[in-house]
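Please look first at the whole fold and then at its parts.

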Amino acid sequence: MSNMLIGITSNNIENKSCIADAYVNAVVKAGGTPVLIPLVTDKAVLENIISHIDGLILSGGGDIHSSLFGEKLHPAVTDYKLERDMYDLALILSATERQMPVLGICRGHQVINVAFGGTLIQDIPSQIPGSKIVHNQAEAREIATHSVRINPESKLYQIVKQNDLQVNSFHHQAVKTVAPGFNAVAFSEDGLVEAIESGEGKTILGVQWHPETMAAAGNAVMIDTFGYFVGEAALYGKAKEIHKKIITLDSHTDTPMYFKYGIDIGKTNPVLKLNPKDFGIKSEEEINYALKVDVPKMQKGMLDAAVMVAYIPQGARTEEASKKAADKTFSILSTLMKQIGKNKNTTGQAKTVTDLQRMKREGKKAILLGVENAYGIGKDLSNLQKLADMGVVYITLCHNRHNDICDSHKGTPEHNGLSEFGKKTVLEMNRMGIIVDISHTSEKTSFDVLELSRYPVIASHSSVKALCNNTRNISDELMKAIAKKGGVIQVCLYGEFIKENGRATVEDAVDHIDYIVKKVGIDHVGIGSDFDGGGELTGLKDASEMLRITLELLRRGYSEKAIAKIWGGNFMRIMKAVKR
Ligand SMILES: [Zn+2]
Ligand SMILES: [Zn+2]
């Protein structure tokens with residue numbers, strides 16, 4: 001028996017929360033510990049229950065009210081209970097927000113579809129009149145009465161390993177339009193959707209049949225379905241435990257870029273209405289934007305720390321413009337410090353590894369300061385002392401254009417690497433205990449820095465060139481040199497830098513981590529999302545989903561110790577090395 005707690009939603013019959021024994025027994029047989037979730041609709045109570053379990057099974061039951069998917073109620077729908085609908089929806093959303101595995105059975109399968117924006121056939125007999133399939137069988141519950149065709153590309157196929165699966169059938173409603181982000185992966189002969197799963201690699205599976213009653217009768221495939229589910233819950237439980245113990249740090253977020261829209265990093269912010277001109281987009285229409293990093297999102301994603309940078313776009317290199325750039329750096333960073341101060345119950349600024357450790361103990365989120373583009377120090381090296389005093393942990397030497405300090409990854413070289421001023425800057429950063437960040441620099445600049453710097457350097461948000469040929473990414477040669485110097489490459493979760501064509505997924509990003517580990521070892525890799533600076537992957541939309549990376553690392557056999565290094569251990573080693 002595992003200690004994994006599997007929550008099962010209940011029916012409510014005559015004011016009693018209850019569930020058929022078959023669900024309970026199937027979970028026990030698969031090695032999980034079942035917990036019945038009573039029907040309550042208080043969201044805080046449901047959230048609390050979800051925070052204590054490792055997997056959620058949405059059980060069968062009556063019909064779902066059509067108001068949940070914006071349709072008029074069909075007259076044949078009488079067996080519904082709005083309370084149950086609200087309870088199911090709250091549980092699904094809370095569980096999936098945390099990356100918890102969810103298995104929906106019959107009604108549970110339909111309610112998953114509705115929760116994510118799909119619709120239902122409300123009454124099969126009148127809406128699918130010519131069907132030869134009996135979807136509400138008279139035979140006993142453990143008897144299979146029709147077959148479903150399983151998509152061989154699906155996760156479900158990996159569980160059942162059959163093209164045609166014999167299933168039982170007890171439903172009055174069915175999935176009509178499949179929710180965005182989900183795939184229909186099983187169909188009955190009349191074309192009804194019989195199973196759906198997350199198309200974004202999350203463990204969310206809905207099946208129209210009742211595997212629990214067939215499992216109770218000894219059906220091996222149905223027992224395997226629960227075995228798979230309990231296994232996923234075990235993985236999730238392990239990921240959660242690891243995140244509780246280790247310090248998880250994201251080394252690059254551009255969230256301060258949105259300060260001018262009045263965001264508060266300590267709260268869940270409303271969808272922002274961006275002015276396209278601020279982002280160099282020629283359009284009159286406002287752009288809707290959901291911020292990717294804030295304290296509530298970090299809490300959900302179990303992310304302890306994030307470096308938030310003052311991003312300084314490369315402008316003119318005159319005395320005057322450079323002075324303005326420096327002013328801008330200080331103004332952004334002081335706003336950031338004010339925001340941290342305003343939210344001191346939940347967050348704090350970390351300047352050192354000791355700060356990070358203390359905040360972890362206190363259960364607070366740690367924000368670290370960074371500067372993206374050393375153009376933001378102006379032409380005045382004494383600004384470095386001020387930045388160090390403010391607690392800036394690293395400075396990225398340039399952005400996508402050359403500056404006075406070095407050549408960028410883009411454009412014909414101007415300095416052939418680091419300029420004379422750039423060399424002084426690097427040495428002064430060394431002296432101040434500010435980490436040198438070579439993301440965005442040209443390869444020659446990077447090698448110059450590695451030769452000159454007295455301490456290890458980082459690429460705060462760069463991925464692997466061998467896997468995705470982009471000038472922003474790190475070549476094998478450079479990777480080896482960074483590692484040799486004791487530095488670290490923080491894989492950037494930016495689609496364009498992860499995969500050349502098509503949508504980049506969490507799995508693709510973890511391929512980059514794998515590559516670095518195989519090439520130069522576990523001590524030289526980390527994660528720098530670039531959230532709010534363009535970073536986003538399919539299945540990893542923001543900081544609230546960071547646990548997914550850990551889940552994928554666990555699937556690939558990474559140990560807790562290795563995961564701790566990737567998630568912050570290596571970055572903290574560099575912080576200490578530069579005497580932070
Ligand atoms: Zn950035
Ligand atoms: Zn960047």
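The paragraphs that follow treat the domains, the salt bridges, the metal site and the cysteines in turn.

This is a predicted model, in which local features need pLDDT of at least 70 and side-chain atom pairs count only at pLDDT 80 or more, while totals for chains, interfaces and linings use all residues. Residues are numbered from 1 along each chain as its sequence is written, chains are lettered from A and ligands numbered from 1 in the order in which they are written, and side-chain values use heavy atoms, with hydrogens and water left out.

The protein is divided into domain 1 (5–240) and domain 2 (246–259 + 291–577), with bounds that come from an automatic or database domain assignment. The C-alpha centres of these two domains lie 42 Å apart. Domain 1 gives 14 residues to the contact and domain 2 gives 13 residues, where contact means heavy atoms within 4.5 Å. The size of an interface is often given as the accessible area lost when the parts come together. Between domain 1 and domain 2, about 1,200 Å² is buried, and 58% of it is on carbon and sulfur atoms. This buried area is the accessible area (1.4 Å probe) that two parts lose on being put together, summed over both.

Charged side chains also join the two domains, with a count of three salt bridges between them. A salt bridge is a side-chain nitrogen of Lys or Arg within 4 Å of a carboxyl oxygen of Asp or Glu. By this rule the count comes to 40 salt bridges. Lys202 lies in the loop between β12 (193–198) and β13 (204–207) and Glu545 in the loop between β24 (525–528) and α18 (547–555), so the pair ties together parts that are 343 residues apart in sequence. Helices (H or I, at least four residues) and strands (E, at least two) are DSSP runs, numbered from the N terminus. In the salt bridge of Lys202 with Glu545, the closest N and O atoms are 2.4 Å apart.

Both Lys202 and Glu545 are buried; the word means under 20% relative accessible area, whereas exposed means over 50% and partly exposed lies in between (1.4 Å probe, protein chains only). For Glu545 the relative accessible area is 4%. Glu545 also forms a salt bridge with Lys541, at 3.5 Å between the closest N and O atoms. Lys541 is partly exposed, at 43% relative accessibility.

The loop between β24 and α18 also holds Thr538, which is buried at 12% relative accessibility. Leaving aside residues up to four places away in sequence, Thr538 touches Glu200, Arg503, Ala504, Thr505, Val506 and Arg548.

Another salt bridge joins Lys423 and Glu420, with 3.2 Å between the closest N and O atoms. Both residues lie in helix α13 (residues 420–432), three residues apart, about one turn of the helix. Lys423 is partly exposed, with a relative accessible area of 31%, and Glu420 is exposed, with 56%. Salt bridges can also form a network, and one such network links Glu232, Asp511, Asp514, Glu552, Arg555 and Arg556.

The zinc ion (ligand 2) is 3.3 Å from the zinc ion (ligand 1), and Glu372 coordinates both. Glu372 belongs to strand β19 (residues 365–372), while His440 is in the loop between β21 (435–437) and α14 (443–452), so that distant parts of the chain, 68 residues apart, are linked by the pair. Glu372 is buried at 2% relative accessible area, and His440 is buried at 6%.

The last topic is the cysteines. A disulfide is a covalent bond between the sulfur atoms of two cysteines. Here a disulfide is a pair of cysteine sulfur atoms within 2.5 Å, and the structure holds zero disulfides. Cys468 is buried, with a relative accessible area of 1%, and Cys492 is buried at 0%.

Conventions: Donors are N, O and S atoms within 2.8 Å of the metal (3.2 Å for Na, K and Ca); water is not among the atoms, so sites may look incomplete.
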